[in-house]
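Subject: Structure for your review

Dear colleague,

Please find below the structure that I am handing over to you.

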Amino acid sequence: MVFRKPPDGGWGWVIVVVSFFTQFLCYGSPLAVGVLYLEWLDAFGEGKGKTAWVGSLANGIGLLASPVCSICVSSFGARPVAIFSGFMVAGGLMMSSFAPNIYFLYISYGIVVGLGCGLLYTATVTITCHYFDKRRGLALGLISTGSSVGLFIYAALQRELIDLYGLDGCLLIVGALSLNILACGSLMRPLESPDSPPPEKTCVDKVPDQYFVYHEKEKTVEENISILEKGYVDEKCANNMPDYKQDSILNKNVLSSINVNEKDTYKKKVVEQTNFCKQLAKRKWQLYLNYWEETVVLFKNKVFSALFVAILLFDIGGFPPSLLMEDVARSANINEDDYHMPLISIIGIMTAVGKLTLGILADLKWVNTLYLYVITLLMTGVALFAIPFAKSYLTLAVLSGILGFLTGNWSIFPYVTTKTVGIEKLTHAYGILMFFAGLGNSLGPPIVGWFYDWTQEYDTAFYFSGFCVLLGGFLLLLAALPCWNACTNQSSKLPPNTYSYKVASSA
């Protein structure tokens, strides 16, 4: 597939708009699942830890399956994947309205909806990167706010729909709204050159013709027959033997010639095909070895290893508030009349503000992006420690806003990863980090819910969450200290295309 140069505009802005609404429609309900979480607790009567698995799977499974999502988009294109994923999200939400128990929701809402969201996220980011180069950061920042705006709106929308139509009616309506993803996906026109050459042959098509034994064998037999028939006519004209004797001799010659040629050709082709398969297997095995060697090289970088631990601990501790904050308010016996806005909506709108603000700060030359990311981790840990002391709606609303703003550090995480491993290793490193981020998203809320089931209060759970985030932030800060650069320079040099993060340089 041959692509034109990214136009940085034109139809690209249509791609930005439809990608924004795609993330708005697909991530609105999973990110605002805290509203549904309360209803599922009452409907099924299961523990908080077991019920929290539904929302954590919906938000984590897409990251866990990010390698599969990337392969799907690369193989089939962004538009077909977006349309197919729209059916997945809408179907999963509608199926969830008929859930007889919590285990059914694990499949319908957790896995089906979560995987659909992961595919849509990969499709929107990929198609946007194709259309933008110089303005890629701005375009990606704009479409990433779609999920945050979706969280803000869907939190209030789902609560209103539950009051009017009940939990089942809410899920049916939200699922029907998700069908608009199909219209958005149909507008994701691939950026192909109008005079692009036909697609290259696949690996099977590239196999030389001499490996197709059966075709060659038939061709050899036919040629031998035609040659022998011609020789038969000439020989019959030259010699006046009886016809039956000539026929007998000719038949024997034909059979012996065919048998010899078939055996020699078949043996030759089998040997050639076997050698080809061996070479192909060696190349595949070498690719796997190279992948694991590059992975080992990445983890030799101290900052990358610390970043891997930090993102895992951050998602274990920092994600649960967006899912459980509404239940925290109910457990604190806060009067519903004091609610001016759902706490999850506050988290959503402040996440959008945080993404844009932190993204702008990361572009400033005098700002070190790694230190900026570490600051957001440390502040998030302090805010999590403060949640058990919040006993009013106003205090919880302020903490929700702070946590939402700091969660916007997702917008600068790619910058930090690029500075840590280099642009050549970004895809490999980012895939590993996103996998463990999804693992943290999946484990965080159930762990906090289990703490509540064990202690019957959220204080211990959020102390644990705050400790996890603070630990990740301190480890990353220690790994990024300037003394590590001196030690690295005095010791062995890093392999090509890999370098440690120099904190003295601006991001």
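I begin with S97, which touches D168, L171 and L172, leaving aside residues up to four places away in sequence. Please keep in mind that this is a predicted model. S97 lies in the loop between α5 (78-96) and α6. Its relative accessible area is 5%; buried means under 20%, so S97 counts as buried.

The next point concerns the packing of two helices. Helix α2 (residues 33-44) packs against helix α6 (residues 102-131) at an angle of about 155°, and their axes are 11 Å apart. Angles over 145 degrees count as roughly antiparallel, which is why α2 is described as roughly antiparallel to α6. On the α2 side, the contact is made by V33, L36, W40 and F44; on the α6 side, I102, L105 and Y109 take part. Sorted by class, this contact has seven nonpolar residues, with no polar and no charged ones. As background, an α-helix has 3.6 residues a turn, so residues three or four places apart point the same way.

Finally, I turn to helix α3 (residues 48-64). With 17 residues at 1.5 Å a residue, α3 should span 24 Å; the end C-alpha atoms are 23 Å apart, which agrees.

Yours sincerely,
A colleague

Methods. Residues numbered from 1 in each chain as written. Predicted model: local features only at pLDDT ≥ 70, side-chain atom pairs only at ≥ 80, totals over all residues. Heavy atoms only, no water. Axes fitted to C-alpha atoms, helices over the stretch in contact; angles between N-to-C directions. Helix = DSSP H or I, 4+ residues; strand = E, 2+ residues; numbered from the N terminus. Parallel < 35°, antiparallel > 145°, perpendicular 65-115°, else oblique. Contact = heavy atoms within 4.5 Å. Nonpolar A, V, L, I, M, F, W, Y, C, P; charged D, E, K, R; others polar. Expected span 1.5 Å × (residues − 1). Buried < 20%, exposed > 50% of the residue type's maximum accessible area, 1.4 Å probe, protein only.
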